[in-house]
Amino acid sequence: MDARKASRYGMLTGLAAAAALVGGMAAAGASPASPANSPSQAHLHGVVPMVGKAHTNPGAIGSKTLQYGGGVDGIGVTSGKEKVYVVFWGSQWGTQTTDSNGNYKFSNDTAGAAGRVQQMLKGLGTGGEQWSGVMTQYCEGVAYGATSCPSSAPHVAYPTGGGTLAGVWYDTTTAPSAASEPQIAQEAINAAGHFGNTTASSNRYAQYVVFSPKGTNPDNYKTNGFCAWHDYNKDLGV
């Protein structure tokens with residue numbers, strides 16, 4: 001399977017970041033949304049709860065209850081060690097150096113966000129932190145509409161083994177001022193190639209998080225006013 005056929009990406013308003021999930025990963029949110037496999041959904045805006053892989057909430061039983069929304073691609077939840085690859089996209093980040101923790105830092109990143117992101121990912125799964133443990137309640141292999149996971153079902157794994165940060169790339173090509181969904185997806189595909197992950201097996205537990213530089217407006221999130229989205233990259237015709 002080509003990596004592109006399994007990629008997912010999302011937008012985080014505060015950080016202007018896009019996360020491309022290649023090979024399957026679970027995420028959770030609090031707001032209900034239509035099923036990701038609905039043919040009427042070109043893309044989903046708002047926080048999209050996902051159980052398994054691209055499994056969104058088909059309707060809430062209660063105000064805080066998620067339901068299993070089916071599955072796609074047959075890849076499944078992340079049951080192995082997660083690998084997160086960070087991409088700082090665009091020469092607009094400025095000159096790249098290294099901080100005291102060995103993280104990339106940039107002359108135009110006046111808030112120091114780049115270092116904080118890298119340091120956070122290095123710490124996930126270490127020191128007994130419990131934030132990552134939230135995901136372990138989610139699973140696959142249950143009936144559509146299920147609201148709980150039996151112990152026998154494959155669950156999302158806790159990210160043990162020395163942090164989740166697998167690689168960092170400063171892509172010094174100029175990032176678009178308002179990157180489209182296909183452009184963001186393509187950058188994630190470029191990142192997979194950069195890190196040598198060109199097969200389904202090498203992307204099984206991989207995530208690619210693409211950070212756009214300050215002053216850009218990826219997918220026009222500032223004017224559209226949404227906080228997050230998840231989508232297939234079928235925008236690219238693959």
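1. Let's start with the rule used here: a disulfide is a pair of cysteine sulfur atoms within 2.5 Å. By that rule, this predicted model has a count of one disulfide. The partners are Cys139 and Cys149, with their sulfur atoms 2.1 Å apart.

2. A word on the geometry and placement of that bond. The torsion about the S-S bond of Cys139 and Cys149 is about -90 degrees, so the disulfide is left-handed. Both Cys139 and Cys149 lie in the loop between α1 (113-123) and β7 (165-171), so the pair ties together parts that are ten residues apart in sequence.

3. Are the two cysteines buried or exposed? Cys139 has 0% relative accessibility and therefore counts as buried. Cys149, at 25% relative accessibility, counts as partly exposed.

4. Next, have a look at Asn197, in the loop between α2 (181-194) and β8 (206-211). Asn197 counts as buried because its relative accessibility is 7%, and the cut-off for buried is under 20%. Its side chain makes a polar contact of 2.9 Å with the side chain of Tyr208.

5. Finally, a residue from helix α2: Ile184. With 2% relative accessibility, Ile184 counts as buried. How far is Ile184 from Asp219 in sequence and in space? The two are 35 residues apart in sequence, and their C-alpha atoms are 8.5 Å apart in space.

Methods:
Residues numbered from 1 in each chain as written. Predicted model: local features only at pLDDT ≥ 70, side-chain atom pairs only at ≥ 80, totals over all residues. Heavy atoms only, no water. Helix = DSSP H or I, 4+ residues; strand = E, 2+ residues; numbered from the N terminus. Buried < 20%, exposed > 50% of the residue type's maximum accessible area, 1.4 Å probe, protein only. Polar contact = N/O pair within 3.5 Å; in protein donor to acceptor, adjacent residues only side chain to side chain.
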